[in-house]
Amino acid sequence: MTQLLRVQNFNVSSDGIAAGQDQSLERPFGHVDPGKLFAWAGETASWPLRDAPGGSRGIDDLFLRDYSHNIGAEIMGRNKFGPQRGPWPDHQWQGWWGEQPPFHTPVFVMTHHPRPSFTLSDTTFHFLDADPETVLARARHAADGKDVRLGGGATVIRQFLDADLIDTLHIVVSPLRFGTGVRLWDSPDELLDRYRLETVPSPSGVTHHLYWRK
């Protein structure tokens, strides 16, 4: 069975922006407010950070519950892993997620500055200075027959799109405009030369864009 490379629950504004400028330790999304971008997910019953009963069980919850289904590895860019740039000053930084990362699989971080792998709970982080094809091959091997999730950010997703390696994408478009930032696209129609598209509007105000290869 073919192992898919999947983008899931990736959030952008209506003008295609996934993250802001000037990322820092205090502001992982730069000038963009992630609370607004991810508000749809926080209202669901399956939101992993929910600390009280309740939440919606509609279409948003259905997509959120599918996030980890049949995923055996994740690929991400260095900016998703942390705010540092250039050579690592030390190896103390271990990601935004604390001692219990939400991935529960091997994670392959693309970076021009590799560092030793390490494990937190049931997640092992590997750091690769390699092209998308090589990183995907490593991730597929580690996934042990399951699919690989491409977690972002937008720059990494564009690299894999340019290499024509992504099989399916689920992009959540929120009714916000940020104007500037790290942009996934100028228009969701940009991918229609290679992918079929179905859009699913949600009562929460977001629209789920589902792409699969023609």
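## A walk through the strands, cores and rings

A polar contact of 2.4 Å links the side chain of serine 13 to that of aspartate 15, and that is a handy place to start in this predicted model. Serine 13 belongs to strand 1, which covers residues 5–13. Its relative accessibility is 0%, so serine 13 counts as buried. If you set aside neighbours within four places in sequence, the residues in contact with serine 13 are Leu37, Val173, Ser174, Leu176 and Phe178.

Glycine 20 sits in the loop that runs between strand 2 (17–19) and helix 1 (34–37). Although it is a loop residue, glycine 20 is buried, with 8% relative accessible area. Not counting residues up to four places away in sequence, glycine 20 touches Phe29, Gly30, His31, Val32, Gly181 and Val182. For a sense of scale, take tryptophan 40, which is 20 residues from glycine 20 along the chain: the C-alpha atoms of the two are separated by 19 Å.

Now turn to strand 3, where 7 of its 7 residues are buried. Which strands pair with strand 3? One of them is strand 7, in the parallel sense and over 5 bridges; another is strand 4, again in the parallel sense, over 4 bridges. To find these pairings in the viewer, look for isoleucine 71 opposite aspartate 147 in strand 7, and for isoleucine 75 opposite phenylalanine 108 in strand 4.

Isoleucine 75 also leads us into the largest nonpolar core, which has 31 residues. Together with Phe160, Ile166, Leu169 and Ile171, Ile75 is among the residues with the most contacts inside this core. At least two core residues come from each of strand 1, strand 3 (71–77), strand 4 (107–110), helix 5 (132–143), strand 7 (147–152), helix 6 (154–162) and strand 8. Helix 6 gives the most, with 5 residues. The surroundings of isoleucine 75 are worth a look too: beyond its neighbours within four places in sequence, isoleucine 75 is in contact with residues including Leu5, Phe108, Val135, Leu136, Ala139, Leu150 and Phe160. Apart from this core lies another, of 11 residues, among them Trp88, Phe103, Val109 and Leu120.

What sits over the ring of tryptophan 88? It is the charged end of arginine 115, 4.7 Å from the ring centre. Elsewhere, arginine 149 lies over the face of tyrosine 67, at 3.8 Å from the ring centre.

Our last stop is strand 11 and its partners. Strand 8 (residues 168–174) and strand 11 (residues 207–213) are paired in the antiparallel sense, over 6 bridges. Within this pairing, valine 173 has threonine 207 of strand 11 as its bridge partner.

Strand 10 and strand 11 form a hairpin with 5 residues between them, and in the turn glycine 205 has a positive phi of about 105 degrees. Serine 202 lies in the loop between these strands. Is serine 202 buried or exposed? Its relative accessible area is 10%, so serine 202 is buried. The side chain of serine 202 makes polar contacts of 3.0 Å with the side chain of aspartate 60 and of 3.0 Å with that of serine 204. Leaving out residues up to four places away in sequence, serine 202 touches Ile59, Asp60 and His208.

Methods. Residues numbered from 1 in each chain as written. Predicted model: local features only at pLDDT ≥ 70, side-chain atom pairs only at ≥ 80, totals over all residues. Heavy atoms only, no water. Buried < 20%, exposed > 50% of the residue type's maximum accessible area, 1.4 Å probe, protein only. Polar contact = N/O pair within 3.5 Å; in protein donor to acceptor, adjacent residues only side chain to side chain. Contact = heavy atoms within 4.5 Å. Lys NZ or Arg CZ within 6 Å of the ring centre and 35° of its normal. Pairing = 2+ DSSP bridges. Core = buried A, V, L, I, M, F, W, Y, C linked by side-chain atoms within 4.5 Å.
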